[in-house]
Amino acid sequence: MSQISSWHSLYRCKRKTEVILLEQGNPGGQVNPKRIEEAIDKVRAGEKHAFTSVITAYERQIYTYCYYILRSREEAEDAVQDIFVKVYQELGRYEKRVSFSAWLYKVAYHHCLDQLRRNKRRNRLMSLYKLQLVREAPESPDDSPVDRIFGDLTSEERSLLILRVIEQYRFEEIAQITGRSSAALRKKYERLRRKLIQQKANEGGCTRGEVAESN
């Protein structure tokens, strides 16, 4: 567990310098799946330090995902740490018939859902969040376009939008992550696209291509 504790410290040191980019929706650079698989093999062979490269490759994407689901910087930071600890402890359950990133997002997805369930004061999170925004900062100039888009979505819609548009997963892969059928996800995404297009139109119009197609 000393290795895991050192990873916790590493997160705390890096978060202050990275958090602005992360909250702007920057999911990080390209990940080399082959190198990730090599690192996983090393960890399974007993080279625990090799897991650091897995964290480095995915922590920014996972933080962004957690942040827009939980809507809290502090909770997202804690969630990322817990998720990677869980992944490290359950690495033996990972099967290469699915991509590691999809398996990682599945762990993150269920962790965030559990976090929302545990946090009773955030029951029906987005309704309360919207009321808070109207009450405290209805016209905040500091809200980024990403924040404004995500502010009107449910946690499930935010998850779907991140996985489909930002991470560009296929619906079949999102189904593996969320445990829902790909057909249901496709229909939900179509409704979400129409919702976002209408939302943008109400704000003054949207240009073609601002919301991803569902091909």
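**Note on the side-chain packing and pairing of this model**

1. R193 is buried, at a relative accessible area of 11%; buried means under 20% relative accessible area, exposed over 50%, and partly exposed in between (1.4 Å probe, protein chains only). The side chain of R193 meets that of E190 in a salt bridge of 3.4 Å, N to O, a term for a side-chain nitrogen of Lys or Arg within 4 Å of a carboxyl oxygen of Asp or Glu. E190 is partly exposed, at 23% relative accessibility. Helices (H or I, at least four residues) and strands (E, at least two) are DSSP runs, numbered from the N terminus.

2. On the basis of the note: this is a predicted model, in which local features need pLDDT of at least 70 and side-chain atom pairs count only at pLDDT 80 or more, while totals for chains, interfaces and linings use all residues. Residues are numbered from 1 along each chain as its sequence is written, and side-chain values use heavy atoms, with hydrogens and water left out.

3. The count of salt bridges comes to ten. One of them joins R117 and D114, whose closest N and O atoms are 2.9 Å apart. R117 is exposed, with a relative accessible area of 58%, whereas D114 is partly exposed at 30%.

4. A further salt bridge, of 3.8 Å from N to O, is formed by K96 and E37. This pair links distant parts of the chain: K96 lies in the loop between α4 and α5 and E37 in helix α2, 59 residues apart. K96 is partly exposed, at 48% relative accessibility.

5. The largest nonpolar core has 52 residues, of which I62, C66, I83, V87 and F100 touch the most other members. Such a core is a set of buried Ala, Val, Leu, Ile, Met, Phe, Trp, Tyr and Cys residues joined through side-chain atoms within 4.5 Å. Elements giving two or more residues to this core include α2 (33–44), α4 (73–89) and α5 (100–118); α3 gives the most, with twelve residues. Leaving aside neighbours within four places in sequence, V87 is in contact with F51, F100, W103, L104 and V107, contact meaning heavy atoms within 4.5 Å.

6. Eleven aromatic pairs are found in the whole structure. Rings of Phe, Tyr and Trp (its six-membered ring) pair if their centres lie within 6.5 Å; planes under 30 degrees apart count as stacked, over 60 as edge-to-face and the rest as tilted. Y94 and F100 are edge-to-face, at 5.3 Å centre to centre and 85° between the planes. Y94 is buried at 3% relative accessibility, and F100 is buried with a relative accessible area of 3%. Y58, Y94, F100 and W103 form one aromatic cluster.

7. F171 and Y189 form another edge-to-face pair, at 5.7 Å and 65°. Both F171 and Y189 are buried.

8. The count of disulfides, pairs of cysteine sulfur atoms within 2.5 Å, comes to zero. For C66, the nearest cysteine sulfur is that of C112, 3.7 Å away. C66 is buried at 0% relative accessible area, and C112 is buried at 1%.
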